[in-house]
Amino acid sequence: MIGKAFRIFRIALLAVCIAVFLVSAVMLVRILVEYSKAENVYDEINKGIENIDSDSEVKDVPENLVALSKYVSELKAQYPDVVGYVNVPSLGISYPVVQTDNNDYYLDHMINGEESTSGAIFLDYRINSNPAVSKNTVLYGHNMNNGSMFHKVVDLFTLEKFLEAEVEYVTENSAYVYTPLALYRCEAYYPFYMYEFDSDGGFLDFCDMITEKSFHTERPEAEYGADARLITFSTCTNSISSKTGRYIYHAVLTESYENIHTEAVE
């Protein structure tokens with residue numbers, strides 16, 4: 001009787017293992033299909049940049065920023081929620097940025113409105129979409145295991161990568177270049193997302209707080225004062241021990257180009 005019961009147990013256990021394997025395999029296939037779908041969508045969107053000619057009449061503005069600015073206008077005509085384009089050449093981060101009336105929709109929707117676990121890179125809905133106005137332009141993006149979206153923010157924990165991680169942020173007619181300021185891990189409730197400050201002193205306190213928390217004590221010679229402008233990346237740590245863990249990267253504005261397409265050579 002004991003032998004028979006043991007055989008039945010082994011058969012049942014084997015059946016459970018097979019069922020778990022099949023379910024896991026189906027889930028993995030679905031994830032890979034979603035990854036591929038999102039990559040195809042964003043690759044196709046980014047191909048459009050290649051067809052944009054920089055304006056030779058625009059002076060003192062890098063050609064790639066002129067082209068990106070024009071492309072933002074084209075994207076916005078097709079996808080109204082587009083407010084800009086973020087580019088970090090050293091990390092290979094290059095995506096359009098969207099904004100809607102909440103911080104939930106683009107967690108699981110791509111720029112074209114299709115549902116996807118990859119979501120989109122999006123600007124906090126509470127923040128002015130003009131980086132020249134916003135004290136802290138906060139962008140959110142997933143830490144995707146296939147290396148897409150904001151996954152490569154993790155690479156910034158290597159000092160060399162951090163020091164060269166210049167951020168280009170472009171809108172319809174302006175471009176902004178930011179220099180690395182701070183990088184750290186925190187919980188979601190940490191006030192990295194602050195965008196309004198009661199005073200200049202409050203803003204400077206915020207800047208001091210994030211630089212003191214930074215994983216790297218060394219950074220490029222980028223000064224911040226009361227009139228500084230920041231850009232912030234937020235992505236999940238994907239830590240099993242903490243579902244609310246975040247990797248945060250801050251950079252400070254060092255160059256800006258306003259009214260790009262109206263500044264022509266005389």
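## A serine and its surroundings

Leaving aside neighbours within four places in sequence, Ser174 is in contact with Ser69, Tyr169, Tyr257, Glu258, Asn259 and Ile260. This description, like everything that follows, rests on a predicted model. Ser174 is found in the loop that lies between β5 and β6, and with a relative accessibility of 8% this residue counts as buried, because the limit for that class is under 20%. One of the residues in contact with Ser174, Glu258, also takes part in a polar contact, in which the side chains of Ser174 and Glu258 come to 3.0 Å.

## Overall composition

The protein chain contains four helices and eight strands, and along the sequence these elements follow the pattern α-α-β-β-β-β-α-β-β-α-β-β. Of the 266 residues in the protein chain, 44% are buried. Where contacts join residues at least 6 apart in sequence, 65% of them join residues at least 24 apart.

Strands of a sheet pair through backbone hydrogen bonds, and the pairing may be either parallel or antiparallel. Here, eight strands make a closed barrel in the order β1-β2-β3-β4-β7-β8-β6-β5, with mixed pairing. From one strand to the next, the twist averages 30°.

Strand β1, residues 82-88, pairs with β2 in the antiparallel sense over six bridges. Within this pairing, Val82 stands opposite Val98 of β2, while the bridge partner of Val86 in β2 is Tyr95. The two strands β1 and β2 form a hairpin with four residues between them, and Gly92, in the turn, has a positive phi of about 75°. Strand β2, residues 93-98, is mostly covered, with five of its six residues buried. Strand β2 is also joined by two bridges to β3, residues 121-123, and these two strands run parallel; in β3, Ile121 is the bridge partner of Val97.

Helix α4, residues 200-213, lies across β4 (136-140), β6, β7 (230-236) and β8, running at about 65° to β6.

Not counting residues up to four places away in sequence, Tyr178 touches Pro131, Ala165, Glu166, Val167, Tyr169, Arg229, Leu230, Ile231, Ala251, Val252, Leu253 and Thr254. Tyr169, included among these, is also in contact with Ser174. For another of them, Glu166, the C-alpha separation from Tyr178 is 5.7 Å, although the two residues are 12 residues apart along the chain.

## Aromatic rings and charges

A search of the whole structure finds 12 aromatic pairs. In one of them, the rings of Phe157 and Tyr247 have their centres 5.3 Å apart and their planes at 65°, so the pair counts as edge-to-face, a class that requires planes over 60 degrees apart. This pair links distant parts of the chain, given that Phe157 lies in the loop between β4 and α3 (159-163) and Tyr247 lies in strand β8, 90 residues apart. The two partners also fall into separate accessibility classes: Phe157 is partly exposed, with a relative accessible area of 23%, whereas Tyr247 is buried, with a relative accessible area of 16%.

Ring pairs also link Phe150, Phe162, Phe233 and Tyr249 into a cluster. Charged groups sit over rings as well: the charged end of Lys135 is placed over the ring of Phe203, 3.9 Å from its centre, and Lys213 lies over the face of Tyr190, at 4.8 Å from the ring centre.

Notes: Residues numbered from 1 in each chain as written. Predicted model: local features only at pLDDT ≥ 70, side-chain atom pairs only at ≥ 80, totals over all residues. Heavy atoms only, no water. Buried < 20%, exposed > 50% of the residue type's maximum accessible area, 1.4 Å probe, protein only. Pairing = 2+ DSSP bridges. Axes fitted to C-alpha atoms, helices over the stretch in contact; angles between N-to-C directions. Contact = heavy atoms within 4.5 Å. Polar contact = N/O pair within 3.5 Å; in protein donor to acceptor, adjacent residues only side chain to side chain. Phe/Tyr/Trp six-rings, centres within 6.5 Å; stacked < 30°, edge-to-face > 60°. Lys NZ or Arg CZ within 6 Å of the ring centre and 35° of its normal.
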